[in-house]
Amino acid sequence: MAIGIKENGERQGNLLVIRLSAMGDVAMTVPVLQALTRQYPDLHITVLTRPFFSPMFLELSNVKVYGADLKGKHKGLFGLWRLYRELKGLGFGAVVDLHNVLRTKILRVFFFLGGIPFFQIDKGRRAKRRLTRGTNKVFLQLKTTHQRYADVFAQMGFPLDISNVPVLPKGPFSPKLKDLVGPKDRKWLGIAPFAAFPGKQYPLEMIKNVIEALLNTKEYTVMLFGGGAHEAQLLQTLANGHQGCINVCGKFSFAEELVLISHLDALLAMDSGNGHLAAIYGVPVISLWGVTHPYAGFAPFGQPMENSLMADRKAYPLIPTSVYGNRYPEDYAHAIATIPVKEVVLKIHQVCQVK
């Protein structure tokens, strides 16, 4: 269906929205699409992403997911051509690329040749280089990624207000979830201590100190989140010997994990995907920042800046050293450790309203 305007002035059409990875970036599309479908209810959205991420979009009206098999039949140039042919047959009136990487640029060429309008995100790369460079750094808050997503829709004639987006509803608890976590007789705090790069990760020994301080108050049940066998093993080591601390890594499907996250009272996370997952349910997120910084625009949606605890920039003035945390001077590797354990614990108490 082509994009058009009905007689009553409402816009209608069938849009393809592309955001292939990573988990946090995909999660950041959720509140924007929530705003889009509420403000333009006659639009029908198909999100092209990895099938694993599908549960994020289940509660959005007029939104469905088309899975991209980037390691199989959609791999490489010929795979992308195959993907384009599949998508073209679905009758999209326009394509919105919220990723802007080589794969999606190739798809842009295909859609252009097919006569289908294609709109692409401006990632603000020049401004981000100024923010992260080592000399003449311009240390200013940049446009958020959520707003950059919204700007693409505005560019195609769908201006969006993302200032007051309803959060997703809490999911229903399954017997499996109830059996593991038990009754909610204390504050439920999630902790997601891992990140893609070491410079973004709070030392596990300090995480352990945070957990012990929280459990000593008898006010919290702590749940540890992560992914993969190695992280599960590390989290189990943290949980061992601590009554009231539960390792949930690897125990549930992704959909079940989202349900559990939706019921948390707060989540402690790094600059990583778990914080973005919690934010779409309106769960307060306390985020810890090492060599990256919220100014780059990747803070969880709707979270106040005071919930972002940052490394000491007086000691480490080059922060942020990169947008994603993949580049930093060797002596910046442990900059995040300048965030005191007491400060983290106090912020959790404040957010959870525990005295």
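Is strand 10 enclosed by the rest of the structure or open, and how many of its residues are buried? I looked this up first. Five of the five residues of strand 10 are buried, so the strand is largely enclosed by the rest of the structure. For burial I used relative accessible area with a 1.4 Å probe and protein chains only: buried is under 20%, exposed is over 50%, and partly exposed is in between. Strands (E, at least two residues) and helices (H or I, at least four residues) are DSSP runs, numbered from the N terminus.

Notes on the model. I am working from a predicted model, in which local features need pLDDT of at least 70 and side-chain atom pairs count only at pLDDT 80 or more, while totals for chains, interfaces and linings use all residues. Residues are numbered from 1 along each chain as its sequence is written, and side-chain values use heavy atoms, with hydrogens and water left out.

Strand 10, continued. I checked the two faces separately. In a regular strand the side chains alternate between the two faces of the sheet. On one side I found Ala 266, Leu 268 and Met 270, and on the other Leu 267 and Ala 269; all are buried, and both faces are covered.

I then looked up the neighbours in the sheet, where two strands pair if DSSP finds at least two bridges between them. Strand 7 and strand 10 run parallel and are joined by four bridges. Within strand 10, Leu 267 stands opposite Gly 190. Strand 11 (residues 285–289) also runs parallel to strand 10, again with four bridges. Leu 268 has Ile 286 of strand 11 as its bridge partner. From strand 10 the chain passes through helix 11 (residues 273–279) to strand 11, and this β-α-β crossover is right-handed. I took right-handed to mean that, with the strands pointing away from the viewer, the path from the first strand over the helix to the second runs clockwise.

Salt bridges. I counted a side-chain nitrogen of Lys or Arg within 4 Å of a carboxyl oxygen of Asp or Glu. By this rule the count is six. I looked at three pairs.

Lys 184 and Asp 265 form a salt bridge at 3.5 Å, N to O. Lys 184 is in the loop between helix 7 and strand 7 (187–192) and Asp 265 is in the loop between helix 10 and strand 10 (266–270), so the pair ties together parts that are 81 residues apart in sequence. Lys 184 is partly exposed at 44%, and Asp 265 is partly exposed at 24%.

Lys 176 and Glu 256 form a salt bridge at 3.7 Å, N to O. Lys 176 belongs to helix 7 (residues 175–181) and Glu 256 to helix 10 (residues 254–262), so this pair ties together parts that are 80 residues apart in sequence. I have Lys 176 as partly exposed, at 44% relative accessibility.

Asp 151 and Lys 143 form a salt bridge at 2.7 Å, N to O. Asp 151 is partly exposed at 27%, and Lys 143 is partly exposed at 40%.

Arg 148. I place Arg 148 in helix 6 (residues 145–155). Its side chain reaches the backbone oxygen of Asp 122 at 3.3 Å. Leaving out residues up to four places away in sequence, Arg 148 touches (heavy atoms within 4.5 Å) Ile 121, Asp 122, Lys 123, Gly 124, Lys 128, Leu 142 and Lys 143.

Backbone entries. Most residues other than glycine have a negative phi, and most peptide bonds are trans. I noted a cis peptide bond between Ser 21 and Ala 22, with omega about -10 degrees. Ala 22 is in the loop between strand 2 (11–18) and helix 1 (23–27). The bond from Ile 319 to Pro 320 is also cis, with omega near 0 degrees. Pro 320 is in the loop between strand 12 (308–310) and helix 12 (341–352).

Asn 100 has a positive phi, near 60 degrees. Asn 100 sits in the loop between strand 5 (94–97) and helix 4 (102–113), and is buried at 8%. Gln 353 has a positive phi of about 55 degrees. Gln 353 lies in the segment after helix 12 and is exposed at 71%.

Note on methods. A polar contact is a pair of N or O atoms within 3.5 Å; within protein, one must be able to donate a hydrogen and the other to accept it, and residues adjacent in sequence count only if both atoms are side-chain atoms.
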